[in-house]
Amino acid sequence: MEFRFSPEEDAFRREVRGFVRGEWPQEVTEGAGAESPLGYGGGRGFEEMRSFQKKLARKGWLTLAWPKEHGGLAAGHMNQLIYNEEMAYHRAPQQLGVGPDRVGPTIIVFGNEEQKGRHLPAIAGAEVIWCQGFSEPGSGSDLASLQTAAVAEGDYFVVNGQKIWTSLANVADWMILLARTDPDAPKHKGISYFLLDMKTPGITIQPLADMTGRQTFNQVFFDNVRVPRDCLVGELNRGWYVAAATLDFERSGINRVVAGFRTYEELVAYSRETARDGGRIIDREPLRNKLAELHIEFHAGRLLAYRVAWLQSQGRIPNAEASISKLYGSELQQRLARAGIEVLGLGGQLKPGSRWAPLAGRIADYYVASVATTIAAGTSEVMRNIIAMRGLGLPRG
Ligand SMILES: Cc1cc2nc3c(=O)[nH]c(=O)nc-3n(C[C@H](O)[C@H](O)[C@H](O)COP(=O)(O)OP(=O)(O)OC[C@H]3O[C@@H](n4cnc5c(N)ncnc54)[C@H](O)[C@@H]3O)c2cc1C
């Protein structure tokens with residue numbers, strides 16, 4: 001493993017850093033607006049994020065890793081990692097929805113020419129927002145048990161059922177939808193993968209508030225929704241394998257670690273500047289040790305994410321390594337949140353908006369939101385199962 005970046009990669013980092021410092025509001029980078037370990041640009045207004053996306057699209061950075069013939073820059077995985085890292089450190093949204101990192105690469109591999117021509121330029125240009133309609137009330141970790149049904153009828157599939165936890169469905173233009181097309185086949189073999197226009201009649205969206213009070217995800221109901229046949233991606237009943245590729249495309253998870261590191265730096269600065277019970281917070285040994293430990297853990301988390309990107313850059317497929325990085329990074333966010341509450345004391349529970357809240361209430365928000373980090377994109381238990389079976393070669397439990 002090479003621990004240094006190349007001069008070209010360092011130059012790219014400087015370019016991204018200069019751009020984001022110039023174009024993304026400095027006050028958000030410095031912590032104005034609610035903090036969230038799940039991203040979304042520090043609670044920034046949607047339209048503002050959307051216009052920032054257009055600027056990123058003009059630079060070609062939303063599609064850094066896409067091949068040139070599909071409008072990408074064909075930049076390497078390390079450049080993608082550097083871009084993600086700089087965006088996260090500056091609390092800027094690296095993309096809105098799942099179009100650039102998941103849908104586009106999936107269409108490039110599995111889509112037909114018509115789908116490529118229609119969707120790839122719109123994603124690359126930040127003209128559309130995509131959401132991911134995979135999870136259902138009874139099917140999250142065991143996704144292959146999903147029950148939403150798509151029944152062939154002439155030139156259409158008629159979809160009935162329900163999705164849940166669909167991030168950004170309330171603002172998305174399109175959805176990648178998994179639905180059961182053969183109820184009699186073994187569960188992995190009866191699922192198909194569709195591109196669904198969210199304006200199709202029969203779709204009802206109900207926003208759900210998370211524990212911070214934000215409406216980042218939704219329930220989506222399908223009542224006889226007619227999806228044209230040409231919106232099927234890949235082969236009928238082979239959608240499970242297409243979905244597996246979609247989930248594999250965003251792997252390194254560097255943003256989890258780096259966004260938290262900014263908050264960590266702010267906590268350290270606060271504990272240096274603030275006195276409690278007659279002495280600086282940083283001078284209390286248990287807290288100082290905790291902060292030192294976290295510093296080491298952030299460094300380890302960063303290296304675990306780098307390893308995933310490096311494996312990809314060597315043409316290898318990270319598997320257990322990606323799960324290790326996800327598990328470690330998301331649990332680290334929770335350890336940071338707990339340490340933050342300890343460092344700030346009782347005031348740490350005050351939410352954004354309170355004039356007495358230390359660090360503008362970001363830690364209280366972060367603490368609550370961090371619960372979801374070990375659920376979204378695969379729970380910690382599921383990650384541990386993958387590491388045990390694929391990484392350590394242990395038998396299925
Ligand atoms: C913030 C957020 C955003 C999300 N956005 C989206 C989205 O945009 N699109 C989408 O499709 N989904 C989304 N999800 C859903 C997410 O993918 C699921 O919540 C996740 O996969 C877990 O599924 P579940 O909630 O059904 O929990 P379950 O699978 O029911 O799990 C419940 C508990 O059982 C444990 N468990 C389950 N199976 C096993 C096992 N085999 N071994 C050991 N323990 C097990 C789990 O670890 C967990 O603790 C989002 C979730 C969150 C929190």
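The largest nonpolar core of this predicted model has 53 residues, and Val-257, Val-258, Ala-305 and Ala-309 have the most contacts inside it. A nonpolar core here is a set of buried Ala, Val, Leu, Ile, Met, Phe, Trp, Tyr and Cys residues joined through C-beta atoms within 7 Å. A residue is buried if 20 or more other C-beta atoms lie within 10 Å of its own, exposed if 12 or fewer, and partly exposed in between, with C-beta atoms placed from the backbone. Two or more residues each come from helices H1 (7-23), H3 (46-59), H4 (77-89), H8 (254-273), H9 (285-313), H10 (320-344) and H11 (362-369). Helices (H or I, at least four residues) and strands (E, at least two) are DSSP runs, numbered from the N terminus. Because domain 1 (7-124) and domain 3 (248-391) both give residues to this core, it lies between them; the domain bounds come from an automatic or database domain assignment.

A second, separate core has 37 residues, including Ile-176, Ile-191, Val-220 and Val-233.

Residues are numbered from 1 along each chain as its sequence is written. In this predicted model, local features need pLDDT of at least 70 and side-chain atom pairs count only at pLDDT 80 or more, while totals for chains, interfaces and linings use all residues.

The ligand has 19 residues around it, of which Phe-134, Gly-140, Ser-141, Thr-379 and Glu-381 come nearest; a residue is near if its C-beta atom, placed from the backbone, lies within 6 Å. Strand S1 (130-133) and helix H12 (380-391) each give two or more residues to this shell, and H12 gives the most, with 3 residues. Domain 2 (130-238) and domain 3 (248-391) both contribute to the shell, so it lies between them.

Helix H7 (residues 239-249) has Gly-239, Val-242, Ala-243 and Thr-246 buried. Seen down the axis of H7, these buried residues fall within an arc of 100 degrees, so they line one face of the helix; the arc is that of the directions from the helix axis to the C-beta atoms. Their cover includes helix H5 (99-110) and strands S4 (174-180), S5 (191-197) and S8 (232-233).

Ile-129 sits in the loop between helix H6 (113-124) and S1. Ile-129 counts as buried because it has 22 C-beta neighbours inside 10 Å. Apart from neighbours within four places in sequence, Ile-129 is in contact with Leu-96, Gly-97, Gly-99, Leu-168, Val-171, Ala-172 and Asp-173, contact being C-beta atoms, placed from the backbone, within 7 Å.

Terms used. Two residues are in contact if their C-beta atoms, placed from the backbone, lie within 7 Å.
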